[in-house]
Every structure is written in C-alpha cells, then in structure tokens.
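I opened my notebook and went through this structure one topic at a time.

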Amino acid sequence: MESLPYLAGASALAALVLAWFFFGSVAKASPGDDRMVFLMNEIQKGARAFLKKEYTWVSVFVIVLAIVLAFVIAPLAALTYILGAVLSAGAGYIGMTVATMANARTAEAAKHGPGQALPIAFRGGAVMGFSVAGLSLLGLAAVYLVFVTWMQVDDAFEIVTAFGLGASSIALFSRVGGGIYTKAADVGADLVGKVEAGIPEDDPRNPATIADNVGDNVGDVAGMGADLFESYTGSIIAPISLAAFALGITADGAADESVLNLLMFPFAIAFVGMIASIIGSFFVRGGDSTDSHALSKALHMGTNVAMGLTVVAAVGLSYWMFDDKPWGLAVAVVGGLIVGWALGKAAEIYTSDQFSTVKKIAKQSETGPATTVLSGISAGMVSVASSVILILVGVALAYWGGEQTLGFGEGPKSIPGGIYGIAMAAIGMLATTGAVVSVDAYGPISDNAGGIAEMAHLDPSVRKVTDALDSLGNTTAAIAKGFAVGSAALTALALFKSFQYAVVAAGGETLILDVGEVEVFIGLFIGAGLPFLFSALTIDAVGRAANKMIEEVRRQFREIPGLREGREGVAPDSARCVEISTEASLREMLVPGGLAVVVPLVVGFINVDALGGLLAGSLVTGFALAIFMANSGGAWDNAKKYIEAGHHGGKGSDPHKAAVVGDTVGDPFKDTSGPAMNILIKVMTIVALVFAGAFV
C-alpha cells in the first residue's frame, strides 16, 4: 500500500515521457512556407515575451507570500509553496511553447484535410495536457514522500498543503493576466476589423491580429494549463488533508494501517487515471469530414476511453483497499467522473452549434446586437440551473457512498465519510486531466491555425478546415471549464471541512456556520459579493485594455497609407498592439489577483467565524457565476461562427455584425472572468486552510 505514491510518481514520469514523444511528433511536421514560419515565430516571440514579464511580476508576489509562510507556518512550507508555483509556471510555459509550434503545422496539414490536421492539433494540446498532469502528480508524490514518508517532519501535512497554495497562486495570476491579454486583443481586432473596417477575421491588414493570436496562447493555453494544474493538485490534496486534520495524523502516524488507506486512495485513483489517459490518447484519429459531429467523435474518443478504463480501475481499487462496503467509495469516485462528464455535456448542449441554443442566438442576431446579447445572457443563466442540479446529484451520491464505506464520522478522532467521499468525487472528476487538457488545448492551436491560414493567404479550403476544428475547440473549452468548476465546488467543500478541523487542532472552537450569528452573516455577504467584484474588476480591465487597442488599430488604419486597402508592401505595426496588451494585462491583473489572497487573510485574522461565512458565500455565487459566464461566452462565440458558416446572411451581413458584438461581450465572460472563478473559490479556501493555525 505504501508503494502507491511511488507508482503515482512513476505514472507521472510516463506522462512526461509521452509529452516528449508528442512534442517530437509535432516538431517533425512541416510548418509550411516562409510566410507561415514568419507568422509562427512572431506569435511565439510575443507569447514568450509576455510570459517572461508575467512570471517576473508574479515572482515578487510568490517570494513575499513564501516569506510570510516561512515565519507564520514553517520554513519547509515556503519551500513546497515555491515548488508548486514553479511547476505550475513550468507546465504553462511548456504548453505555450508547443502550442505556438503546432499552429503553423496544423494549418499546413489542413491543406490535406482534417484527417491530418486534427491529430497534429491534438498532439500539440496533449503535450500541455500530460505536462500539466505529470508535473502536478510528480510534484505531489515527491512532496509527500520526502516530508511525510521519509523525513516525517512536524506539520508535514501543512507543508504538503502549501504545495497546492503555490499552484493556486500561479493559476490565479496566469488566468487573469492571460485572460485580460487575449480578450483585449480579440475585442479590439474584432470590433475595428470585422465591424468597422469590414475585413475578415485574422486579416493581415489588422494590426491587432498577431496580438490576438499571441493571446490565444498566453490565455487559453498557458493560463488554462495553470488553472487545471491547480485544480488537479487541489483535488488530490483535499482528501489527504481532510484525513490528516480530521484524524489528527502526524507524519509518524501516517503509516498506521487504519489510516494508511485513506491517505493512499487519492494517489491510487490519480495513478490509474493517468495510465488510462495515456492509453486513451492513442485512440484519437482524424477523419476526412469537416462535419462537427464527426470531428467531435474523433476528438473525444481518447477521453471516453480514458474515462471507461478509470471507472473499471476505480471499482477494482475500492474493493482492494477497503473491506467494509467498498462499493461506497467506488460510487463516489465513479459518480464524480460521470457528473464531470455530464457537466461537460451540458456545456456542449448550450455552446455547440449542433444544438438549439446557439441556433436561437444566431436567429436573434437578425434583429440586432441587443437581442443577441439578451439571448446569450438568458442561455447562460438557464445553463446554471442544470449544472447546479448535476453538481448536487454528484455531492449527494458521493456523500452517501462515503458514508457507506467509512461511516458517519462521529467522535473527535473519526473522519466524516461523506465529506471524504465528496473529496474523492473531485479526484474522479479530474482523474483523466491529461486527456481533458489535451482536448482543451487543442482549441487555441486550431484557432491560431486559422489565423495563420488567413494571414498567409492560403487557399480558402484550408480556412474551411481550420474553422471546423476551431468551432469544435470552443465547445471543448466549455467542456473543460465544466470539469474545472465542478471539481472546484467539490474540492472547496472538502478543503473547507479540513479548515474546520485545522481550527480545532490549533486550539480554536468548533466552527459552526450559524447564519443567526452576526459574524457569520457578515462573512456570508462578503463572500457572496466577492466573486461579483472580482468579475467586475476583470471585465473592466478587459474593457480598458480593449479601448486602447481599438484606438491604436483605428490610428494605424487612419495614418498608415494603403494599409486598409491592402496595398502591397504595406504592413501594420503589430508589435505596438502586442505591447499594449502586455502592459495592460500585467498592470490590471494585480488588484483582482491580490484580492483573492488578501481578503481571506484579513477576515481570518479579524474573526474565524466570519471567514467561514465568507468561504461559504463565495463558493455558491462563484460556482453559479463561473457556469453562467463560460456558457454564455461559448454560445455567443459559436453563434457568430454559425453565421459565418453561411447561415442568416453569412459573413459581412447585419446579423453577422450583431453576432460579433455578442461575441465580444462574451469574450471576457468565457476567457477571463468565468475561468478565474473556480480558482478564486479554491485560492481563498486553501489560504484559509494553510493559515488556520495562525488565525487561531
């Protein structure tokens, strides 16, 4: 049983080897002609420059918080915190590097149809997927083995938990900073290019096009990778910390047979999920059709295989590791996996042009931008209801299953079986992270491929293939966000319970959320309002940055002779647009990013009961806002693409212009504020857990 962290670490190394294999496969593919290579290099250069600056800025925050951890918690906690941050940043950088290589190669392969283009885009995404899952699991296994198994240090589990806080810190700033960057460029490029100038998307005459393509990589690849790294890490830490704090386990008691299974089961599920994802990745095959249903089936084959294998393995592990009603925890894990899939499927129903919601929004575009925006908002709100029902089904199943196997947790030194079951459901939801992120990162690569096809003046048939791949990418992104926010809700609940136990262990009173207590009531409202404030700050940031981008694009069209007309030899100043997005996003990410760490610290040092209310309020409203914004944004985007495919007048028509407005409203929804919600929820919870002893 004690070998499971070693097996988990070995599977993580296997994932990194696979990532290297896919990297080689992508690198061997032809990047196309000189113009395509030039565009690829410009995008890569811009993305690298942004990440270098972003990580430089964020490193200051990381160092300050590491010093605080060293003095308030333990010096070794600062070490694992920095390790979590470095590995998260590394995964994002690796993913961005490969994505900016795969874009031109996907466009070149698209000349020969989707059968060759889809596998290259997927393998480019798979490098990101398996780097994220591999580095996260390898880091966690190493931290556990070093500090719990080998050194048996004091406060070992606080030190392990600090690794998750490091991952969360990078994820928050990467998501917010990258999201502001990409959407400022996207909104500026669309509103001036497509609406005002009447030129196609990704037209080489548009100065913001390169910045837009850079943004896809720093926001939707590096930012998303850091997001899922944090989600995956947090889901594994949650049941381990719950068991440790609930049972009062110290490092020297972690080998006790009665509690060992509780600590090892998360590693066991992560191990089989990783192996299943590796196997599933080889089942993705491209076909010859550009039909979105056929492409979706081909792309999701790997995820479906990985999920099927994980279900079988999870049931087997439950029976191997637990004697009394082992099927209970099997139900919890498998239920989490199925609910995660169902959340993704619900997102697909609301964001894919194969279903009525997107078609309805496209139809509403015939009467102008106002009705387009209204129909998209209502679609996002309706999607919240179905997602809430699904997550509650998952919570109820997991809670019941955990109680069947582990009991009710009565007494001061017994684990609440239901909450442990919920924590394991979160791992079930993210067990196939390698496969899920691979499919998600495929989207920005396909989007970039379309941009390069347009800017390099390739045959329109190439753009038709890349557009089909990109449309599917919008849906896969919404699916991954469903997994991320669903797991965030379950993980945050388990971490909150761990926080309650940590408060008692530090000498505080049992934390009971009684709304009749004024401190809890105040905290509840602070927590409920915080996601709205956070969203407002990030949306405003996109608006301000986009305003500068719009003015710059207008200036260049006005002042550079022949640019708008496309005169030969006249090129836009793309570097200035990249510079605007970079400066604005780095400056604007600081306040919302710092908010997530500072607010729970301030409230916690004032009153622990108020902090409990804050965490509860932010969990509920943050989950609902995340689903609403992700699905509204995805629906608007695909409604625009549905019209561009020839429906309701096609490109350049009034409905198309209205749909572009809807899409630009949805851009910060789905790629900036919405995705950052699940990180906000968990950052505040894990900050509360790590600093629980200091609060008391």
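**Loops with positive phi**

I looked up Q152 and found it in the loop between α4 (114-150) and α5 (156-197). For the helix names I used DSSP runs, numbered from the N terminus: helices are H or I of at least four residues, and strands are E of at least two. Before going on, I noted that this is a predicted model, in which local features need pLDDT of at least 70, side-chain atom pairs count only at pLDDT 80 or more, and totals for chains, interfaces and linings use all residues. Residues are numbered from 1 along each chain as its sequence is written, and side-chain values use heavy atoms, with hydrogens and water left out.

Phi of Q152 is near 50°, a positive value in a residue other than glycine. Q152 is partly exposed, at a relative accessible area of 41%. My scale was this: buried is under 20% relative accessible area, exposed is over 50%, and partly exposed is in between, with a 1.4 Å probe and protein chains only.

I then turned to K325, which sits in the loop between α8 (292-321) and α9. K325 is not a glycine, yet its phi is positive, about 50°. Its relative accessible area is 39%, which I logged as partly exposed.

Which loop holds E517? I found E517 between α14 and α15 (518-559), partly exposed at 40% relative accessibility.

T357 belongs to helix α10 (residues 356-364). Is T357 buried or exposed? T357 is buried, with a relative accessible area of 15%. Setting aside residues up to four places away in sequence, T357 touches I349, Y350 and A379; a contact here means heavy atoms within 4.5 Å.

D212 is part of helix α6, and I logged it as buried at 6% relative accessible area. Its contacts, leaving aside neighbours within four places in sequence, are T182, A185, D186, A189 and D202. I also checked D212 against F557: they are 345 residues apart in sequence and 17 Å apart in space, C-alpha to C-alpha.

**Aromatic pairs**

A pair of aromatic rings is described by the distance of the centres and the angle of the planes. I paired rings of Phe, Tyr and Trp (its six-membered ring) if their centres lie within 6.5 Å; planes under 30 degrees apart count as stacked, over 60 as edge-to-face and the rest as tilted. How many aromatic pairs does this rule give? The count comes to 17.

One of them is F605 with F695, an edge-to-face pair at 4.9 Å centre to centre and 85° between the planes. F605 lies in helix α17 (residues 590-606) and F695 in helix α20 (residues 692-695), so this pair ties together parts 90 residues apart in sequence. F695 is buried, at 9% relative accessible area.

F628 and F669 also pair edge-to-face, with 5.7 Å between centres and 65° between planes. This pair links distant parts of the chain, 41 residues apart: F628 is in helix α18 (residues 608-644) and F669 in helix α19 (residues 654-690). Both F628 and F669 are buried. I also noted a cluster in which ring pairs link F21, F22 and F282.

**The nonpolar core**

I defined a nonpolar core as a set of buried Ala, Val, Leu, Ile, Met, Phe, Trp, Tyr and Cys residues joined through side-chain atoms within 4.5 Å. The largest has 239 residues, and F265 and F499 have the most contacts inside it. Helix α6 (residues 209-247) gives the most to this core, with 21 residues. Beyond four places in sequence, F499 touches L511, V608, L611, L615, A688, L689, A692 and F695.

**The second largest cavity**

My search of the whole structure finds 4 cavities of 30 Å³ or more. On a 1 Å grid over the protein atoms alone, a cavity is a set of points where a 1.4 Å probe fits but cannot get out, and lining residues have an atom within 4 Å of a point. Grid points are joined across faces, edges and corners, and a volume is the space filled by probe spheres set on the points.

The second largest cavity has a volume of about 140 Å³. Its lining has 22 residues, and K481, G482, V485, A626 and A630 lie nearest its centre. Which element gives the largest share of this lining? That is α14, with 7 residues.

Conventions
On a 1 Å grid over the protein atoms alone, a cavity is a set of points where a 1.4 Å probe fits but cannot get out, and a pocket is an open set with protein on both sides within 12 Å along at least five of seven lines; lining residues have an atom within 4 Å of a point.
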